[in-house]
Amino acid sequence: MSSSPPDLSGRHVVLGVTGSIAAYKAASLVRLLKKASAEVQVLMTPDAERFVSSLTLGTLSEGDVLTEVFPDDEDGSWTKHVTLGQWADLFVVAPATAQTIAKLAHGFCDSMLTATALSARCPVLVCPAMDRDMYRHEATQANLERLREIGYDVMPAAHGELASGLVGKGRMPEPEAIRDRVASMVDETPSAGERSSSGGENSLAGTEVLVTAGPTQEPLDPVRVLTNPSTGTMGYVLAEAAARRGGSVTLVTGPTSLSPPSDAEVVQVQTAEEMNEAVQARREEAELVFMAAAVADYAPANPSSTKRKKDDHDLVLHLRRTPDILKALGENKRPDQVLVGFALETDDELENARRKLEEKNLDWIALNNPTEEGSGFGPSTNRVTLLRRGGSAEELPRMPKTEVAEALLDRVTAARQAEGS
Ligand code: C5P
């Protein structure tokens, strides 16, 4: 057991309290967070007020407790959920009822708590509390799984006596355990202040950003291609995040089913050769380059102009190497240009990524392992290790790709500012 409380000074915690009998324990949690010197903003659902008073939580947190998105008695500021979402270093929902968990899993925003959760750009911790059979129910478990998929951290409910008299799993984890989880999550993320100093709205104003995304398709004949399962998500969210920060963004994308970001110039390509041409044509003006595309390394050497007929023999393909787009950029890199590559590795990950960083003359490489659950192709989350040239490796926790994009931009922008370019 840790004797001294963690230090959360300067950290902003939004605590969402929902309508469960365990809401009375939220008072102890607020107290523990305040003792650790965190700044705490409490949000309550209307039902939570049946279990614990906003006066109690407001007094302990030393601030107003918010419940409604549209307050009728205040200054008419209905955008508070957005500012709070940006202010928060961590969003904790404790206790989280089955109802609120369902709403969070499906993107409902009918209260200050749920609307702020949708706006939050920080990690979210959910601490379920409900009766045994509600917790066990397939619907609740599916909703909790959905929350994990979108990158939320879910603490399992504790086993013990429940308010109904039943015994089983469903108790809210103890406030001390929640406080400790908060401290370790907060440790792993930059504060909102750090995020906005390097990643503010206009931190990329006037910067030319080039992003590649998606798979390439290499035709075998007019109706068949060699390709891979890349969805393009990582590159698209990076392009969107860079544009939000004021960058002038060009997205060169292979075929995907994603909607193109509205604030970027989008260049659609099919093959590695076409992607190479599009990138080389924009090489001169690009200041930040993110190569998130899963470019095919080989393409059929002699694609047929008509559909290949099948016969009774095996088909042997002759494949030729495609251009290594990023390597060519690295060979011609200007000193003020920042090159960021992605490495999808299944073995000797760190070693291979570090080698690519050197060989391709990159400034950063984001490593992920497609065989690890919640990473790589497909899932909306990713677990990335960031390697900087000449620097150490930073392992980011598993989080939504949108947050990986923000973290990547934060690091790259901060390093660029520090180098004065
Ligand atoms: O395929 P590889 O692991 O070498 O990919 C590492 C980085 O190089 C990625 O950022 C990828 O977009 C880029 N790449 C490229 N052209 C290729 C192959 C990979 O730009 N032909």
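Start the tour with the cysteines: the structure has 0 disulfides, a disulfide being a pair of cysteine sulfur atoms within 2.5 Å. Select C109, which takes part in no disulfide; its nearest cysteine sulfur belongs to C122 and is 16 Å away. With a relative accessibility of 46%, C109 is partly exposed. Here buried means under 20% relative accessible area, exposed means over 50%, and partly exposed lies in between (1.4 Å probe, protein chains only). Next, select C127. C127 is buried, at 0% relative accessible area.

A word on what you are viewing: this is a predicted model, in which local features need pLDDT of at least 70 and side-chain atom pairs count only at pLDDT 80 or more, while totals for chains, interfaces and linings use all residues. Residues are numbered from 1 along each chain as its sequence is written, and side-chain values use heavy atoms, with hydrogens and water left out.

**The open sheet**

Now switch to a cartoon view and find the 5 strands that form an open sheet with parallel pairing, in the order β2-β1-β3-β4-β5. At the edges stand β2 (39-44) and β5 (153-154), each with a single partner strand, so one side of each has no neighbour in the sheet. Helices (H or I, at least four residues) and strands (E, at least two) are DSSP runs, numbered from the N terminus. Two strands pair if DSSP finds at least two bridges between them.

Select β1 (residues 12-17), which pairs with β3 in the parallel sense over 4 bridges. Within this pair, G16 is opposite V93 of β3. Then show α5, which lies across β1, β2 and β3 and runs at about 145° to β3. Axes are lines fitted to C-alpha atoms, for helices over the stretch in contact, and angles run from 0 to 180 degrees between N-to-C directions.

**Around helix α4**

Between β3 and α4, stop at T97 in the loop. T97 counts as buried, at 12% relative accessibility. Which residues is T97 in contact with, leaving aside its neighbours within four places in sequence? They are T18, G19, S20, A129 and M130, where contact means heavy atoms within 4.5 Å.

Move on to α4 itself (residues 98-105), which is mostly covered, with 6 of its 8 residues buried. Colour A98, T100, I101, K103, L104 and A105 to see the buried ones. Their cover includes β3 (90-96), α5 (112-119), β4 (124-128), α6 (132-136) and α7 (138-149). After α4 comes G107, with a positive phi near 75°.

**R132 and its contacts**

In helix α6, select R132. Its relative accessible area of 21% makes R132 partly exposed. Leaving aside neighbours within four places in sequence, R132 contacts L162, L166, V167, G168 and K169. Show G160 too: R132 and G160 are 28 residues apart in sequence, and their C-alpha atoms are 9.5 Å apart in space.

**A hairpin, then a ring**

Jump to β9 (residues 218-221) and β10 (residues 224-226), which run antiparallel and are joined by 3 bridges. Together β9 and β10 form a hairpin, with 2 residues between them. Pick P219 and you will find its bridge partner, V225, in β10.

Finish at Y298, where R321 lies over the ring face at 5.6 Å from the ring centre. A charge sits over a ring if NZ of Lys or CZ of Arg is within 6 Å of the ring centre and within 35 degrees of the ring normal.
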